[in-house]
Amino acid sequence: QVRLVESGGASVQDGGSLRLSCAASGSTDTIACIGWFRQVPGEERAWLAAIDKPTGARYYAASTQARFIMSQDRANDMVYLEIDSLKPGDSAMYYCAAYSGHSSTFCGNLRASAYTYWGRGTQVTVSS
C-alpha cells in the first residue's frame with residue numbers, strides 16, 4: 001500500500017507561482033511512476049506530468065506549455081510540481097498519483113486509470 005498526501009495549494013493572483021508537494025509513504029519502493037493531474041468540476045481528470053521514480057526521467061503534457069516543472073526528492077519520497085505564470089484557467093484540484101507496476105513502464109503515456117494510488121488533492125485557485 002502507498003499513501004499520497006498533496007499540499008501547497010493556495011489562492012493566488014494571476015501571474016503568480018506555486019510549488020505543490022506530494023508526500024509518499026508506505027511501500028514506496030514499489031512505485032514506478034508518479035504523476036500529477038488536475039480536475040475541475042464537470043471535467044475529466046487531466047494529466048499534467050509524470051516522473052519515472054527510479055530514473056528521474058520526466059514527462060509533460062503539451063498543455064503545460066513549459067510552465068510546469070516536476071521534480072523529486074527520492075531520499076524523502078517527495079515529489080513536487082512547480083507552476084509558474086499561473087492563470088485563472090489553472091484553477092483546479094491537483095492530485096498526485098502513483099503507479100506500482102513494472103519498472104520498465106513508460107511513464108509518459110499512462111492514463112489516469114492506470115494509476116494505483118491517489119492522494120486527496122490540493123486546491124489551486126487563481127484569480128485575475
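## Salt bridges

Arg38 forms a salt bridge with Asp90, and the closest N and O atoms are 2.8 Å apart; a salt bridge here is a side-chain nitrogen of Lys or Arg within 4 Å of a carboxyl oxygen of Asp or Glu. Arg38 sits in strand β4 while Asp90 sits in the loop between β8 and β9, so this pair ties together parts that are 52 residues apart in sequence. Strands, and helices too, are DSSP runs numbered from the N terminus (E, at least two residues, for strands; H or I, at least four, for helices). Before going further, please keep in mind that this is a predicted model, where local features need pLDDT of at least 70, side-chain atom pairs count only at pLDDT 80 or more, and totals for chains, interfaces and linings use all residues. Residues are numbered from 1 along each chain as its sequence is written, and side-chain values use heavy atoms, with hydrogens and water left out.

By the rule above, the model has three salt bridges. Asp90 also meets Arg67, at 2.9 Å from N to O. Arg67 lies in the loop between β6 and β7 and Asp90 in the loop between β8 and β9, so the two join parts 23 residues apart in sequence. What is the burial state of Arg67 and Asp90? Both Arg67 and Asp90 are buried, where buried means under 20% relative accessible area, exposed over 50%, and partly exposed in between (1.4 Å probe, protein chains only). Arg38 counts as buried at 18% relative accessibility, and Asp90 has a value of 2%.

The remaining pair is Asp77 with Lys53, whose closest N and O atoms are 3.8 Å apart. Asp77 is in the loop between β7 and β8 and Lys53 in the loop between β5 and β6 (58-60), so parts 24 residues apart in sequence are tied together. Lys53 is buried, with a relative accessible area of 12%.

## Disulfides

How many disulfides does the structure hold? There are two, counting any pair of cysteine sulfur atoms within 2.5 Å. One joins Cys22 to Cys96, with an S to S distance of 2.0 Å. Cys22 in strand β3 and Cys96 in strand β9 (residues 92-99) are 74 residues apart, so the pair links distant parts of the chain. The torsion about their S-S bond is about 70°, so this disulfide is right-handed. Both Cys22 and Cys96 are buried.

The other joins Cys33 to Cys107, again with S to S 2.0 Å. Here the value about the S-S bond is -75°, giving a left-handed link. Cys33 lies in strand β4 and Cys107 in the loop between β9 and β10 (117-118), so parts 74 residues apart in sequence are tied together. Cys33 is buried at 0% relative accessibility, and Cys107 is buried with a relative accessible area of 0%. Counting bonded cysteines along the chain, the pattern is 1-3, 2-4.

## Nonpolar cores

The largest nonpolar core has 26 residues, and those with the most contacts inside it are Leu4, Trp36, Met70, Leu81 and Tyr94. Such a core is a set of buried Ala, Val, Leu, Ile, Met, Phe, Trp, Tyr and Cys residues joined through side-chain atoms within 4.5 Å. At least two residues of this core come from each of β1 (2-7), β3, β4, β5, β7 (68-73), β8 (78-83), β9 and β11 (122-127). Apart from it lies another core, of nine residues, among them Cys33, Phe37, Tyr99 and Tyr115.

Leaving aside neighbours within four places in sequence, Met70 is in contact (heavy atoms within 4.5 Å) with residues including Ile34, Trp36, Ile51, Tyr60 and Leu81.

## Two residues to look at

Ser21 lies in strand β3 (residues 18-26) and is buried, with a relative accessible area of 12%. Beyond its neighbours within four places in sequence, Ser21 contacts Val5, Glu6, Ser7, Trp36, Met78, Val79 and Tyr80.

Val40 lies in the loop between β4 (33-39) and β5 (46-52). Val40 is partly exposed, at 23% relative accessible area, and touches Ser91 and Ala92, not counting residues up to four places away in sequence.

## Overall fold

The protein has zero helices and eleven strands. Buried residues make up 42% of the 128 residues. Among contacts between residues at least 6 apart in sequence, 59% join residues at least 24 apart. The C-alpha atoms fill a box of roughly 45 × 25 × 25 Å, taken along the principal axes.
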